[in-house]
Amino acid sequence: MKILITGASGLIGSVLRTYLGETGRYTISGVDARPLADDSLANFTLADCYDYDAMSPAFDGQDAVIHLAANAPVQTPWDDVLRNNIASTHNVYEAAREHGVRRVVFASSNHAVGNFELDEPYKSIGLGDYSLIDNDPVNIRQVDHRVPIRPDSDYGVSKVFGEATGRYYNEHFGLEVACLRIGSVVPQNRPTNVRAFATWLSHRDLAHLVDRCLVADLSFDIFYGVSNNRWRFWDIEHARETIGYDPQDRAEDWK
């Protein structure tokens with residue numbers, strides 16, 4: 001299977017190049033505005049996804065695209081969000097359509113629904129206080145793929161845009177789209193703050209989730225990218241039942 005990773009030089013791009021490359025099932029190409037730090041990809045296009053003419057040839061002959069390229073900080077100013085997250089994401093979907101790519105795995109974000117963390121019990125759980133649920137994770141009402149969108153920032157709005165654009169390209173052009181509301185992925189590959197004991201996503205589980213999104217039968221869907229953490233408040237049962245996601249890691253194993 002031929003897959004193209006946009007934002008291939010970033011953290012998640014590097015994780016996926018390593019883990020997916022080890023499966024032996026994929027021929028991986030990359031495109032990024034920044035050069036790779038290594039020579040792990042023989043087929044790499046140095047181009048900004050905002051520049052359609054420069055980046056779109058990289059989509060030719062691909063079976064699937066993993067779209068990661070974006071400004072990731074939640075505090076990203078609007079002008080950068082508009083250019084690098086919104087316009088560039090539309091370019092990716094359009095290039096996939098133009099070149100006959102079958103599937104797009106879009107790196108959305110938990111920040112598309114981030115304002116749920118203003119509500120209880122999610123607010124307290126993010127602060128490490130589990131008293132409102134009597135210290136029993138069974139009492140957590142999971143935030144799932146059916147909840148209303150509640151972006152917490154311009155960055156979150158851009159991820160909602162990417163999900164909506166994916167739905168549009170699915171229904172009008174037949175593109176298969178998986179949107180991943182990704183949790184806390186960090187270079188250390190372990191929880192680094194209290195909130196992460198609910199939101200952490202390990203590198204191994206991230207790669208497994210993306211792998212399932214590349215090979216499972218789907219049309220359009222939304223999944224949460226989070227490991228099997230005891231205090232998680234994002235749903236993984238939908239991904240488990242729909243595409244066979246089976247996370248192996250838990251944040252509390254790092255306590």
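**Exercise 1. Find which residues of helix α3 are buried in this predicted model, and what they pack against.**

Step 1. Begin with burial, taking under 20% relative accessible area as the cut-off. In α3 the buried residues are Val81, Asn84, Asn85, Ile86, Ser88, Thr89, Asn91, Val92, Tyr93, Glu94, Ala95 and Ala96. The structure here is a predicted model.

Step 2. Now look for spacing in that list. Residues three or four places apart in an α-helix point the same way, because there are 3.6 residues a turn.

Step 3. Turn to the neighbours. The buried residues of α3 pack against strands β1 (2–6), β4 (64–67), β5 (103–109) and β6 (176–182), and against helices α2 (52–55) and α5 (154–173).

**Exercise 2. Describe the course of α3, from its span to what follows it.**

Step 1. Covering residues 78–98, α3 has 21 residues and reaches 28 Å from first C-alpha to last, close to the expected 30 Å.

Step 2. After the helix comes Gly100, with a positive phi near 75°.

**Exercise 3. Work out why β6 is largely enclosed, and which strands pair with it.**

Step 1. Seven of the seven residues of β6 are buried, so the rest of the structure largely encloses this strand.

Step 2. Sort the side chains: Glu176, Ala178, Leu180 and Ile182 point one way, while Val177, Cys179 and Arg181 point the other way.

Step 3. β5 pairs with β6 in the parallel sense over seven bridges, and Arg103 stands opposite Glu176. β7 (residues 220–225) also pairs with β6 in the parallel sense, over six bridges, with Phe220 as the bridge partner of Val177.

Definitions and conventions:
Residues numbered from 1 in each chain as written. Predicted model: local features only at pLDDT ≥ 70, side-chain atom pairs only at ≥ 80, totals over all residues. Heavy atoms only, no water. Helix = DSSP H or I, 4+ residues; strand = E, 2+ residues; numbered from the N terminus. Expected span 1.5 Å × (residues − 1). Buried < 20%, exposed > 50% of the residue type's maximum accessible area, 1.4 Å probe, protein only. Contact = heavy atoms within 4.5 Å. Pairing = 2+ DSSP bridges.
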